[in-house]
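This briefing walks through a protein chain, one topic at a time. Keep the sequence and the 3D view open while reading.

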Amino acid sequence: MPSIRSICCIGAGYVGGPTMAVIADRCPGVQVTVVDINQARIDAWNDADLSKLPVYEPGLDAVVGRARGRNLRFSTAVDEAIAAADMVFISVNTPTKTKGLGAGQASDLRWVEACARQVAKSATGHTIVVEKSTLPVRTAEAIKAILASAEASGGDRSFAVLSNPEFLAEGTAIPDLESPDRVLIGGEHPEAIDALACVYSHWVPQERILRTNLWSSELSKLTANAFLAQRISSINSVAALCEATGADVREVARAIGTDSRIGPKFLNAGPGFGGSCFQKDILNLVYLCRHFGLPDVADYWESVVQLNTWQQHRIARLVVQKLFGTVTGKRLAILGFAFKADTNDTREAPAIRIAKDLLEEGAQLAIHDPKVEPEQIARDLSLPASEAPNAESGPTRASLSGEGTWWPSASVAAALEGADSVLILTEWNQYRQLDWTDLAQRMRQPAWVFDARSVVDPDQVHAAGLKLWRIGEGQP
Ligand code: UDX
Ligand code: UDX
């Protein structure tokens, strides 16, 4: 079986960084170099202080600590790393296009194409190119065409292209990589597939390594994300119905989840899905369906994204309604800004849309998140942070003028000081253990707890004299 000795990964992001760290950890005989055009990001990956890695993932620091300096390197010397590699992973971002053909739906492939051209320029000998980024179906064709013209230009260079989508979820990236449900390898050259399978076989059982053709592999990734996201929109639609009828979505989820055909996972109603993948990949699927003349199929999947957006606006509207129809000048605490727990990632976080709606209504938001930097929140809200107001003062004249403002809070207690309500948007573990009796005393009464993640103990909140709204809980 052909054996890989040197791997280069282009893109040191949430996917490339952890994935390569685990490969290096599990394959000590393979030299792994992760490259990125972003010098600051590479510097952070090389920081001696492992708590400063650019990606927060439980367990990542230990894996990087073991492999870095042994067979794992982070560098900005892209050409050099490509030249030395037998296998190049492309793990750069593919955001939704914001302008031009397919704006708002199609993926922007300019970085992927640039990578393919760079590989075409710098590779030596036989190089296996692996698509790790999630890509629209048939992107491999474009990569192959670029590499084929490099082959034709002479020399002894040759290429094989594989698709090897990543299924890790943020927050559980390390366990997901260490014991994946499956590894999917799509391609046309059996030897290239074997070479990549051999890398994974250091720790993944053979029966979990699935081989398909290129297009099936690319489409499987989009489909897996579409199915997962669809479950969330489905349960969120049911949550709204539960609230209207007196049912409880947690009870409904438990009841349907025990049906082995449905299964219990991914049935948590919440403020809608975030993350860099679900919305982007579904919109991409929608674009592909339209392109291939399947408008009804496109509409079907598009509704999953529409329901998600609706859910986020619905929660913001509901907060305003409960607070006597106005939040202008009122202090509201937001607990959790990351799109899910155990990550510092805020891409497409539900908190962004909900906070923006509340700011639009003139609210004063105290935002707490254990891992997200205030600068990131400012970028996401397109609004710089304000000074935290004095706790005792009521709404200021400036705030009553209707300007929405926000400031970062270093603790939950500080965020709730003088607040009329608290809105929980990320299921961080620490929010499950709050002392509501103490917190209630800091708030302005009557005060509301809006729990969009089912993390609080309702009895404790009620005992503290607070009003409670929980996602998907109707009043029987
Ligand atoms: C990205 C995609 O969003 C996802 O669809 C895909 O499956 C994997 O790659 P992620 O790792 O989360 O996911 O993206 P990001 O954290 O933005 O990292 C991408 C990195 O690539 C960035 O650090 C960026 O600087 C780097 N990059 C981008 C390059 O090194 N070269 C380029 O030409 C473009
Ligand atoms: C997802 C896929 O799970 C992963 O396989 C793929 O590689 C990338 O996209 P990720 O976005 O990192 O991973 O996290 P995930 O755990 O899937 O959560 C996505 C969003 O759905 C989060 O905002 C999460 O809070 C939300 N969610 C998830 C729910 O609202 N309810 C659930 O029951 C599960």
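Which residues does lysine 280 touch, not counting residues up to four places away in sequence? Lysine 280 touches Thr94, Pro95, Thr96, Gln105, Ser107 and Thr134. The model is a predicted one. The chain is divided into domain 1, residues 6-212, and domain 2, residues 213-476.

**The two domains**

- Domain 1 and domain 2 have C-alpha centres that lie 32 Å apart.
- The contact between the two domains takes 39 residues from domain 1 and 30 residues from domain 2.

**Lysine 280**

- Lysine 280 has its place in helix H11.
- With a relative accessible area of 13%, lysine 280 is buried, because buried means under 20%.

**The second largest pocket**

- The volume of the second largest pocket is about 450 Å³.
- This pocket is lined by 18 residues, and the closest to its centre are Ala106, Ser107, Leu109, Pro136 and Tyr287.
- Helix H11, residues 278-291, gives the largest share of this lining, with four residues.
- By class, the lining of the second largest pocket has eight nonpolar, five polar and five charged residues.
- Why does the second largest pocket lie between domain 1 and domain 2? Both domains give residues to its lining, so the pocket lies between them.

**The cavity**

- How many cavities of 30 Å³ or more are there? The count comes to one.
- The largest cavity holds about 40 Å³ of space.
- Its lining consists of Glu131, Ser133, Thr134, Leu135, Ser163, Asn164, Pro165, Ser217, Glu218 and Lys221.
- Helix H9, residues 214-245, supplies three residues, the largest share of the lining of the largest cavity.
- Two nonpolar, five polar and three charged residues make up this lining.
- Domain 1 and domain 2 each contribute at least three residues to the lining of the largest cavity.

**Helix H3 and its buried side**

- Helix H3 runs over residues 60-67, and Leu60, Val63, Val64 and Ala67 in this helix are buried.
- These four residues cover an arc of only 95 degrees around the axis, which puts them on the same side of H3.
- An α-helix has 3.6 residues a turn, so residues three or four places apart point the same way.
- What covers the buried residues of H3? The cover includes helix H1 (16-26), helix H2 (39-45), strand S3 (72-75) and helix H7 (173-178).
- Glycine 69 follows H3 and has a positive phi, near 85 degrees.

**Alanine 67**

- Alanine 67 is found in helix H3 and has a relative accessible area of 0%, so alanine 67 counts as buried.
- Leaving out residues up to four places away in sequence, alanine 67 touches Ala21, Ala24, Asp25 and Leu72.
- Between alanine 67 and glycine 186 there are two separations to note: 119 residues in sequence and 28 Å in space, C-alpha to C-alpha.

**Backbone details in the loops**

- Where is proline 446 found? Proline 446 is in the loop between helix H17 (436-442) and strand S13 (448-451).
- Glutamine 445 and proline 446 are joined by a cis peptide bond, with omega at about -5 degrees.
- Phenylalanine 266 lies in the loop between helix H10 (249-257) and H11.
- Phenylalanine 266 has a phi near 60 degrees, which is a positive value in a residue other than glycine.
- Is phenylalanine 266 buried or partly exposed? Its relative accessible area is 37%, so phenylalanine 266 is partly exposed.
- Serine 382 sits in the loop between helix H14 (374-381) and helix H15 (397-400).
- The phi of serine 382 is also positive, near 50 degrees, in a residue other than glycine.
- Serine 382 has 59% relative accessibility and therefore counts as exposed, since exposed means over 50%.

Terms used. Residues are numbered from 1 along each chain as its sequence is written. Chains are lettered from A and ligands numbered from 1 in the order in which they are written. This is a predicted model: local features need pLDDT of at least 70, side-chain atom pairs count only at pLDDT 80 or more; totals for chains, interfaces and linings use all residues. Side-chain values use heavy atoms; hydrogens and water are left out. On a 1 Å grid over the protein atoms alone, a cavity is a set of points where a 1.4 Å probe fits but cannot get out, and a pocket is an open set with protein on both sides within 12 Å along at least five of seven lines; lining residues have an atom within 4 Å of a point. Grid points are joined across faces, edges and corners, and a volume is the space filled by probe spheres set on the points. Helices (H or I, at least four residues) and strands (E, at least two) are DSSP runs, numbered from the N terminus. Ala, Val, Leu, Ile, Met, Phe, Trp, Tyr, Cys and Pro count as nonpolar, Asp, Glu, Lys and Arg as charged, and the others, Gly among them, as polar. Domain bounds come from an automatic or database domain assignment. Buried means under 20% relative accessible area, exposed over 50%, partly exposed in between (1.4 Å probe, protein chains only). The arc is that of the directions from the helix axis to the C-beta atoms. Contact means heavy atoms within 4.5 Å.
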